[in-house]
Structure formats: structure tokens, C-alpha cells
Amino acid sequence: CWTSLDNLNHHVKRYTRGELQRLVRSAGMTTIETRYLFQSLVLPKLMLRAVEALTSRDGRLPRVPPPTLNRALEAWFRSEYALAGSLPFGSSVLAIASAPE
């Protein structure tokens, strides 16, 4: 789901889990774990993408949320990671890898 926020953050490419695993291997590293994150953001990001396509609206840099909201979001995403981290989709993908010794 490419949005204007990806442009604002200077993202170049989005990877699937498999693409990231292949990239890690091609760099000579060993994948320890790969998983998708932020499953609950997939639908909102799809909606944002649709709105931007219909309105040609440019994105704005988001503000840092107040500390209370930031802590609540952190708790939400930690819970989501524990409960839904093995789902085959998300708005980000994480790889933990080790370099050869």
C-alpha cells in the first residue's frame, strides 16, 4: 500500500517477506526470523491510498502523538505483535538476521 507518507519518508521499495529473506541471503547473512508487523494498519493504509487516488491530495508529515497516546499505541502494537505477528500480511516486514562469523 504505497501512500504519500512513503514518499515523505523517502521510501524506495516495499518488500514482501520472501523478497526480504532472499535479499538477506544474497547479502551472505542467515535469516533468524522474518514476520509482518502492524496488521491493524493494513485497512487504514488501503483507505488512505484510495482517498489520495480520488482526491490527488498530498500527504502531510504526521505530528508526534502526545505521550499518553504514544504509550497506548505502543501497548496496542506490542499486543498485536504477540497475538497476530504470524499472520501473512502487515504494513511492514521485519527481518532479524545474523552475519557470518
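Select Gln39 and Phe89: the side chain of Gln39 reaches the backbone oxygen of Phe89 at 3.3 Å. This is a polar contact, meaning a pair of N or O atoms within 3.5 Å; within protein, one must be able to donate a hydrogen and the other to accept it, and residues adjacent in sequence count only if both atoms are side-chain atoms. The model is predicted, so local features need pLDDT of at least 70 and side-chain atom pairs count only at pLDDT 80 or more, while totals for chains, interfaces and linings use all residues. Residues are numbered from 1 along each chain as its sequence is written, and side-chain values use heavy atoms, with hydrogens and water left out.

Remain at Gln39, which belongs to the loop between E1 and H3. Helices (H or I, at least four residues) and strands (E, at least two) are DSSP runs, numbered from the N terminus. Is Gln39 buried or exposed? Gln39 is buried, with a relative accessible area of 8%. Here buried means under 20% relative accessible area, exposed over 50%, and partly exposed in between (1.4 Å probe, protein chains only). Display the surroundings of Gln39: apart from neighbours within four places in sequence, Gln39 is in contact with Glu80, Ala84, Gly85, Leu87, Phe89 and Gly90. Contact means heavy atoms within 4.5 Å.

Next, select Phe38, which is in the loop between strand E1 (30-37) and H3. The phi of Phe38 is near 60°, a positive value in a residue other than glycine. Most residues other than glycine have a negative phi. Phe38 is partly exposed, at a relative accessible area of 28%.

Move to Thr34, in strand E1. Which side chains are joined to that of Thr34 by a polar contact? One is the side chain of Arg17, at 3.0 Å; another is the side chain of Gln21, at 2.8 Å. Thr34 counts as buried, with 7% relative accessibility. Not counting residues up to four places away in sequence, Thr34 touches Arg17, Gln21, Leu94 and Ala95.

Now turn to the pockets. Rolling a probe the size of a water molecule over the atoms shows where empty space is left. On a 1 Å grid over the protein atoms alone, a cavity is a set of points where a 1.4 Å probe fits but cannot get out, and a pocket is an open set with protein on both sides within 12 Å along at least five of seven lines; lining residues have an atom within 4 Å of a point. Grid points are joined across faces, edges and corners, and a volume is the space filled by probe spheres set on the points.

The largest pocket has a volume of about 690 Å³. Select Leu5, Leu41, Lys45, Pro62 and Phe77, which are the closest to its centre among the 21 residues that line it. Helix H1 (4-8), helix H3 (42-55) and helix H4 (67-84) are the elements that give two or more residues to this lining. Which element gives the most to the lining of the largest pocket? H4 does, with five residues. By class, the lining has 10 nonpolar, six polar and five charged residues. Ala, Val, Leu, Ile, Met, Phe, Trp, Tyr, Cys and Pro count as nonpolar, Asp, Glu, Lys and Arg as charged, and the others, Gly among them, as polar.

For the second largest pocket, with about 350 Å³ of space, select Arg14, Tyr15, Gly90, Ser91 and Ser92, which lie nearest its centre among 15 lining residues. H3 and strand E2 (92-98) each supply at least two residues of this lining.

Two exposed residues follow. Pro88 is in the loop between H4 and E2 and has 67% relative accessibility. Leu54, in helix H3, is exposed, with a relative accessible area of 75%.

Finally, colour the chain by pLDDT, the predictor's confidence in each residue, from 0 to 100. The protein chain averages 87, and 96% of the residues score at least 70. Among its elements, H1 has the lowest mean (77) and helix H2 (residues 17-26) the highest (96).
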